[in-house]
Amino acid sequence: MSYWFDKHVKWIYPLPAVLFVALMMVFPIGYTFWLSFNEWSMSNVDPPLWVAFENYKGLFEDELFRQALWTTFYFTVVAVAVQTVLGILLALMMNAHFIGKGIVKTLFLLPMVATPVAVGLVWVLIYEPNVGVANIFLQALGLPVQEWLASPDLVLPSLIIIDVWEWTPMIALIILAGLVSLPKDPYEAAIVDGANRFQIFWKITLPLLKPTIYSAVLLRLIDALKTFDIIYATTQGGPGTSSQTLNIYGYVLGFQYFQLGKASALLMVFFAIVLALSILVIYLRKKAGVSV
Amino acid sequence: MKKKWNHLRKVSLSIAAVVGLSTVLAACSGGTKESATDTKDSSTGKQAQTIRLVAANHPWTEAIKPLLPEFEKETGIKVKVDSYFEDQLSQKTSVEFAANAKSIDVVMFRPLQDGKQFEKNGYFSSLNEYVSKEKGSTDDFVPSALGSVKKGDNLYGFPVVTESTVLYYRKDILDKAGLQPPTTLDELKEQAKQLSDPDNGLYGFVARGKRSPAVTQFSSFLYSHGADFMKDGKATLNTPEAMEAFAYYGGMLKNYGPPGTLNMSWPEAMAVFTQGKAVFYTDASALYTNATDPSKSSVADKVGFAPFPAGPGGNHVAAPPAWAIGIGANSEQKDAAWEFVKWATSKDIVLALQKTGITGALTSVWDSPEGTEKFPKDLTEAIVTNNKYGIPYDRPAIVNVGAARDAIGDVINAAIEGKDVEAAAKKANQTFQEILDKE
């Protein structure tokens, strides 16, 4: 008995963890994969019907799927780009010494720790076209009022503003950590050589920060792609389908249209996209010289 | 030393295995612990049962909760209520049913939204056997409401809430202008135009504009223009009458409505009305307490009700059953569940519920003076008039109603945005026809 343990211990110790991963991750993904080749309406009477690639075919012929794909990418790219620029600026400001820095730092984290659904509901009120603060603000500035989330043209920018508000602190925080750990020598050398502040930032700080920025951006990219909560809490994909991302469309297909097969196919495509991006993260981080 | 080390390793191994496995098992068994249990009631020796009612966050649920102790006293059956918002309810129940869970004894559902799909999926237990044992147990139901929970001869639920589209209006504003509430859609448009004063934050008309939620309340406009969603299995969304209805509804919201209607379901539209920012509002009668309850409405004492105005196609209005209750197919306590369904739809209980403002589905309660005494008088008149012209569905009466609603909602949205209604209707008609072909 003891011999058996000794021999197999390297398999036995990780077993609970392996079982957990198998049950909680491999099985759901595998089941979704299998379901994506079937047609099923969650029926207890009619079992899933094998349709091979019909769901995938239907998906790529579906105008709404293409629209959702575009919406997802538009939302992700713009939101993360704005967050990155703002995040770097914020981090640089926070890196300086000023009174009350601790308090400011703490306040900064608040959007990030708030529950996304609650954040969404608060923003619904802010954006409310009739009584919301956003329009009162515009009026005070003498600008025309907007319909924000209720306007098909403005809904994505409005959602991006929410996402930026919520997640810029995270990027700032990661970059701040990077800033603190930068070596001091190059700066001293630069000052001796008479470089101005802009040159120091552009030629020293930014290149040294590159690996950190990569990590922050790519982590956020993956996260932003999967955004569901704030969109569901504010517009549920509306008005019409203007803010319907892949995640929202998958939810609609599954739970409102009862097309579990097509919804699974969509999720598999989405999974592939996120997976590809994750591999890119690892690759780029390695290239940038950061250990994974 | 080696021996000791081995022993330690074995102990820690078994601990790790036990902890790990139990975590996994706990995660797997999470869904079953809610299943109902039978326990002996020691004081009476009677069998005390608990059934689980999965319900919507709806006034009906709120009103029946305080009555449950009565039911428990009569039958010894305890009722545990889980309630969710509409969409989450559909999702929650379908997932539980599809997993073959035995934990849902009584389920509240929307006959026109989920009913047909749930029935097709085998989620419901048939009530035929129970009904045949108790003669006359279905006689009192409003026939069209009962018709919505039947497939062929198979009865799978009892309706508990009915509603129809009524016109909510501001009595004070109409009185001041010396106007009578409109009886035709043309008059409604004229008055909305006349009374609209956006510079002072008053809009002539408000209603739902959000893609899918708008469809049910738009349906009355569609019918009164002499159109319908479909005829004999053919989609009819792009007939001239239907397109006129889309244009009328969209135009009303675009020209006389508040900003932001594209995102308004009933809570948002109701809020505009109850904040005193709209003169007219069309929505379901069942929601009226939101407008007349002073704690929810700043115009509570100024709200008037009128029947849905007649359109170019005559007097037609959606008067569907909104909610019903049924018994889960896998319930292990079907008899107890039936006792509850029977009790909750009995005349006494429906009357008690109706007295708190729940518009029920029993003819005798509607006919009795006590049944309507708590409603505003003009609301009762509006509902009774509506029921004369009532059409028992407010969305296409098909299985795949979710996708159909979205297709129809697209045309409503296009009309509100002032886009080409004809093109939108044509496209939606095609999509809708494809859905019908798959039925």
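The pLDDT is the predictor's confidence in each residue, on a scale from 0 to 100. The model shown here is predicted, so local features are described only at a pLDDT of at least 70 and side-chain atom pairs count only at pLDDT 80 or more, while totals for chains, interfaces and linings use all residues. Residues are numbered from 1 along each chain as its sequence is written, and chains are lettered from A and ligands numbered from 1 in the order in which they are written.

**View 1. Confidence along chain B.** Chain B has an average pLDDT of 87, and 89% of its residues score at least 70. Residues 13-45 of chain B have a pLDDT below 50, although in the model this stretch has 34 contacts beyond near neighbours in sequence, a contact being two residues whose C-beta atoms, placed from the backbone, lie within 7 Å. Where pLDDT is low, the predicted coordinates should not be read in detail. For the model, the scores are ipTM 0.80 and pTM 0.83.

**View 2. The fold of chain A.** Chain A contains 13 helices and 2 strands, which are DSSP runs numbered from the N terminus (helices H or I, at least four residues; strands E, at least two). Its C-alpha trace spans about 75 × 75 × 35 Å along the principal axes. Of the contacts in chain A with a separation of 6 or more, 70% are between residues 24 or more positions apart.

**View 3. The largest nonpolar core.** A nonpolar core is a set of buried Ala, Val, Leu, Ile, Met, Phe, Trp, Tyr and Cys residues joined through C-beta atoms within 7 Å, where buried means that 20 or more other C-beta atoms, placed from the backbone, lie within 10 Å of the residue's own. The largest such core has 178 residues, and those touching the most other members are L266(A), F205(B), F246(B), Y249(B), I408(B) and V411(B). Helix α8 of chain A (residues 155-180) gives the most to this core, with 11 residues.

**View 4. The surroundings of L266(A).** Apart from its neighbours within four places in sequence, L266(A) is in contact with residues including L59(A), F65(A), L246(A) and Y249(A). The list also includes G250(A) and L253(A).

**View 5. Where chain A meets chain B.** The contact is made by 27 residues from chain A and 36 residues from chain B. On the side of chain A that touches chain B, the elements giving two or more residues are α1 (2-12), α2 (15-35) and α12 (246-256), and α2(A) provides the largest share, 4 residues.

Technical notes. Buried ≥ 20, exposed ≤ 12 C-beta atoms within 10 Å, placed from the backbone.
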